[in-house]
Amino acid sequence: MPKARKLIILLRLPMKKRVALIFGVTGQDGSYLTELLLKKGYFVHGMIRRASTFNTARVNHLFQEIHKKGRKFFMYYGDLADAGTIRKIIYKVKPHEIYNLAAQSHVKVSFEIPEYTMDITGNGALRILEAIRDFQLETGRKVKFYQASSSEMFGVSKPPQNENTPFIPQSPYGAAKVFACNMTKLYRDAYGLFAVNGILFNHESPRRGETFVTRKITRGIARIKAGLDKKLYLGNLDAKRDWGYAPEFCEAMWLMLQQPKPDDYVIGTGETHTVKEFVELSFKEAGLGNWKKYVEIDPQYYRPAEVNILIADTKKARRVLKWKPKTKFKDLVKIMVWDDINNLKK
Ligand code: NAP
Ligand code: GDD
């Protein structure tokens, strides 16, 4: 058969049904990853927490009516503290790919609730890994696992940081992520699981939680511009972060699970900026002039220990995954500032 005809027939064949399960589906990254996977034709299942108020704002636009034929997005109640439910969901959904994006993800808060942070951010990953191990053994099916590891694990290690840089965490959150990262590697080495760590540097978007510094700044600016607030209270302005754009980072997560072999990858932009630079540029972008008129330092936002500088060395991801960031720092600031200003107007 001629090559071209063979290709046409192949393209017409229905795509193999791909099923993904996302822990942390309602978070910033969970929502972008769900969009990406649905676009790629996946059936996407997500675990959500029961809350007394709605916690699905970031995925509401993706909801599909329960009785709709051909539905591709499904939700289940559960919690990373609850191994039984994690197991039940995995056995029910039979996923090809599992993404663990769930965590108590706030560094400052982790100093206030260290034990809870370890239980969810650290042990939560172990609960999923154990469930996958049993599921694979009992059903003979293969599952690929992505663990949301973090540049916070590097702590005070000298930048630029890559896959071989030692972890010297500076927070209960960082220490819990190191535990989860090590467990992911161990299950790969000891049991042959297809388990990978995406070591992601800070990534932001209009869907970023309101208490992380970038969103706190852009939301604060929108409120000042609208006359609702007079001041913005911040902590350490000298810390340096490698800030990228979240949707692009979610593409890298997916790419890691499409490789022939499981491995760990650092994802970031390779550029670093101080919190002060983010503040300065954001106020300028909003047309508010000198930020010093509006920003006050409040020591309650200082941390007992700080990660002073993060810069990603992403050579491996660029070479193997063919991934590279597109959105520049100043464009990220622009996207976030105007989204908050326009939303408040609405
Ligand atoms: P996020 O917006 O804070 O989302 C965290 C998700 O975890 C939410 O869906 C949250 O549910 C869920 N969650 C929290 N506690 C849980 C529990 N006990 N059981 C089940 N689910 C729980 O975080 P993100 O920015 O999307 O980040 C995604 C992951 O990447 C996190 O693990 C984070 O630590 C890690 N990470 C993030 C960055 C970054 O710069 N964004 C960088 C490196 C690594 P609710 O919506 O109900 O709260
Ligand atoms: N949150 C916050 N609020 N941070 C402030 C403030 C403030 O008012 N003022 C200054 N900062 C400084 C913090 O001290 C820190 O040095 C920096 O801003 C960034 O803080 P966050 O935005 O809270 O992010 P993070 O770097 O601590 O943690 C984020 O990135 C990690 C990856 O490196 C989170 O998304 C983690 O989940 C993620 O793993």
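Where is the place of Pro 160? Pro 160 sits in the loop between β5 (144-150) and α6 (172-191), where helices (H or I, at least four residues) and strands (E, at least two) are DSSP runs numbered from the N terminus. The structure described here is a predicted model, in which local features need pLDDT of at least 70 and side-chain atom pairs count only at pLDDT 80 or more, while totals for chains, interfaces and linings use all residues. Residues are numbered from 1 along each chain as its sequence is written, chains are lettered from A and ligands numbered from 1 in the order in which they are written, and side-chain values use heavy atoms, with hydrogens and water left out.

Pro 159 and Pro 160 are joined by a cis peptide bond, with omega of about -5°. Lys 94 is not a glycine, yet its phi is positive, at about 50°. This lysine, Lys 94, belongs to the loop between α3 (83-93) and β4 (97-100).

Helix packing comes next. Two packed helices are described by the angle between their axes and the distance between the axes. Axes are lines fitted to C-alpha atoms, for helices over the stretch in contact, and angles run from 0 to 180 degrees between N-to-C directions. The axes of α7 (residues 213-225) and α9 (residues 275-285) come within 10 Å and cross at roughly 30°. That makes α7 roughly parallel to α9; angles under 35 degrees count as roughly parallel, over 145 as roughly antiparallel, 65 to 115 as roughly perpendicular and the rest as oblique. In the contact (heavy atoms within 4.5 Å), residues of α7 including Val 213, Ile 217 and Ile 221 meet residues of α9, among them Phe 278, Val 279 and Phe 283. By class, this contact of α7 with α9 has eight nonpolar, three polar and no charged residues. Here Ala, Val, Leu, Ile, Met, Phe, Trp, Tyr, Cys and Pro count as nonpolar, Asp, Glu, Lys and Arg as charged, and the others, Gly among them, as polar.

Helix α7 also meets α11 (residues 329-345), with axes that come within 8 Å and cross at roughly 45°. The two helices α7 and α11 are therefore oblique to each other. Among the residues in contact are Arg 215, Arg 219 and Arg 223 in α7, and Met 336, Asp 340 and Leu 344 in α11. This contact of α7 with α11 holds five nonpolar, two polar and five charged residues.

Helices α2 and α8 pack at an angle of about 65°, with their axes 9 Å apart. Their contact includes Tyr 32, Leu 33 and Leu 36 of α2, together with Pro 247, Glu 251 and Trp 254 of α8. By class, the contact of α2 with α8 has nine nonpolar, one polar and two charged residues.

The helices α2 (28-39) and α8 (246-257) each supply at least two residues of the lining of the second largest pocket. A pocket is found on a 1 Å grid over the protein atoms alone, as an open set of points where a 1.4 Å probe fits, with protein on both sides within 12 Å along at least five of seven lines; lining residues have an atom within 4 Å of a point. Of its 13 lining residues, Leu 36, Pro 247, Glu 248, Glu 251 and Lys 326 lie nearest the centre of the second largest pocket. Helix α8 gives the most to this lining, with five residues. The lining of the second largest pocket divides into six nonpolar, no polar and seven charged residues.
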